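I am opening a notebook on a structure that is new to me, and I want to record what I looked up in the order in which I looked.

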Amino acid sequence: TSTSRPQRICVLGSTGSIGVNTLDVLARHPERYEVFALSAMSRVEDLLAQCLRWRPRFAVMPAAEPAARLRELLREQGSRTEVLDGADSLSLIAAHPDVDMVMAAIVGAAGLSPCLAAAKAGKRLLLANKEAIVVGGALFMQAVEQGAATLLPIDSEHSAIFQCLPEDRRSWAQRIDHIVLTASGGPFRQRDPATLAEITPEQACAHPNWVMGRKISVDSATMMNKALEVIEARWLFNLAPEQIRVLIHPQSIIHSMVVCRDMSVLAQLGTPDMRVPIAYGLSFPERIEAGASRLELEKLAALSFEEADEKRFPGLFLSWRALRAAEGSTAVLNAANEEAVEAFLNKRLRFDQIHRVNLQCLDELPPQAGECLSVDGLLGLDARVRRHAQGLIAGLGA
Ligand code: NAD
Ligand code: MG
């Protein structure tokens with residue numbers, strides 16, 4: 001239902017690919033939404049331009065040095081936006097009493113604490129930051145329940161599943177036989193697996209259907225992105241690992257499917273444009289214009305599907321392995337992968353070695369009892385795995 005006053009939104013990671021797409025949708029609906037806070041890690045100039053355009057109450061930069069520069073530049077421009085910094089600034093703003101919605105568009109486990117803060121404060125939480133739910137797991141879902149927050153998926157596959165389900169979550173378990181997450185297969189779907197060692201960061205980041213941040217682009221190339229999405233789906237829709245299947249669909253037109261108990265299949269289709277799931281998260285249960293172009297099925301030669309090959313995409317299969325292992329294993333997998341991808345992007349690790357680091361961390365670092373019971377426990381586990389992964393990476397050498 002429409003609300004009388006504009007909804008105040010906090011965009012965490014506003015300078016990134018999802019953040020920019022979010023602002024594009026918001027700009028189409030000035031009567032519905034108001035930007036309350038923007039945040040970024042390092043791109044001071046980009047955040048400055050966004051602040052001048054949107055005039056938010058707050059701009060958040062966790063590190064002191066870029067925050068000081070932004071503060072100075074904003075003052076020169078006569079802006080009244082207040083700049084916050086410090087480790088807790090993102091959580092503080094995500095839980096601010098004047099905020100209605102939080103777009104979680106930070107990349108990586110760094111988004112976990114702000115997501116939990118928004119959830120506990122009962123916000124409408126628009127979740128693009130899949131690593132946060134992969135690391136947080138049960139604790140994440142408990143925070144949502146505890147705060148009576150509204151958790152809405154922004155990842156296109158999970159938005160598709162959500163759009164195929166009725167509003168009443170209590171009916172989901174009875175209705176769903178399984179879900180099918182579609183995957184484009186990324187840039188190396190047909191590449192000879194014997195040549196994976198030579199892949200450069202530039203090649204890995206050139207996705208055929210989507211323009212995205214570098215981390216998720218590499219994850220799409222290894223299909224670790226789909227592995228994270230399998231884990232994300234487990235939590236968002238409360239499914240058993242065997243109820244989640246993956247199918248390669250290179251055209252990225254069907255964004256995912258729900259297979260019901262009676263074997264009826266519901267799918268959500270559209271042109272590949274992140275503004276569609278973003279707009280749905282913003283406006284649910286209504287629908288608003290998103291800026292996307294119309295799907296012209298008559299112009300497509302075909303929609304095709306294939307099974308993912310374990311030899312080419314071994315990373316995908318680590319998702320089910322981690323979900324069946326001790327609780328917290330998905331946080332182990334995520335931390336290893338964040339380190340491995342970072343090392344690959346910095347040319348300290350070969351593309352084909354990413355999987356090696358992930359597999360080895362998953363097998364060598366079982367989470368300890370209790371580590372999944374608190375944010376501090378999870379972040380401690382995350383740090384422990386990262387140190388181990390760094391050791392492995394140094395030993396492997398690119
Ligand atoms: P990006 O790299 O383009 O942007 C990341 C944003 O987060 C930037 O604003 C950056 O300043 C900020 N940031 C990075 N590290 C931070 C930290 N440690 N603390 C605070 N802020 C930090 O990434 P993206 O492609 O926009 O992806 C964001 C999230 O959304 C990821 O979790 C990704 O998996 C997910 N996602 C993205 C897409 C897409 O199309 N890009 C689709 C589905 C899901
Ligand atoms: Mg996705």
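**Conventions.** I am working with a predicted model, in which local features need pLDDT of at least 70, side-chain atom pairs count only at pLDDT 80 or more, and totals for chains, interfaces and linings use all residues. Residues are numbered from 1 along each chain as its sequence is written, while chains are lettered from A and ligands numbered from 1 in the order in which they are written.

**Sheet.** I looked up the strands (DSSP runs of E, at least two residues; helices are runs of H or I, at least four, and both are numbered from the N terminus) and found 7 of them in an open sheet, ordered 4-3-2-1-5-6-7 with parallel pairing. Strand 4 (82-84) and strand 7 are at the edges with a single partner strand each, so one side of each has no neighbour in the sheet. I then checked strand 1 (residues 7-12), which 6 bridges join to strand 2 (residues 33-39); strands count as paired if DSSP finds at least two bridges between them. Isoleucine 9 stands opposite valine 35 in strand 2.

**Helix 7.** Is this helix buried or exposed? I noted that 8 of the 8 residues of helix 7 (residues 156-163) are buried, so the helix is largely enclosed by the rest of the structure. Buried means that 20 or more other C-beta atoms, placed from the backbone, lie within 10 Å of the residue's own; exposed means 12 or fewer, and partly exposed is in between. The buried residues of helix 7 pack against several elements, including strand 8 (176-183) and helix 11 (224-236).

**Ligand 1.** I found 27 residues around ligand 1, with Gly13, Gly16, Ala110, Met212 and Gly213 the closest; a residue is near a molecule if its C-beta atom, placed from the backbone, lies within 6 Å of it. Helix 1 gives the largest share of this shell, 3 residues.

**Recorded positions.** Under "binding site", an unreviewed UniProt entry lists Lys130 and Asn225 among others, and such annotations may be inferred rather than shown by experiment. Lysine 130 lies in helix 6 and counts as buried, with 27 C-beta neighbours inside 10 Å. Beyond four places in sequence, lysine 130 is in contact (C-beta atoms, placed from the backbone, within 7 Å) with Asp155, Leu228, Glu229 and Glu232. Asparagine 225, in helix 11, is also buried, with 25 other C-beta atoms within 10 Å.

Note on methods:
Contact = placed C-beta atoms within 7 Å.
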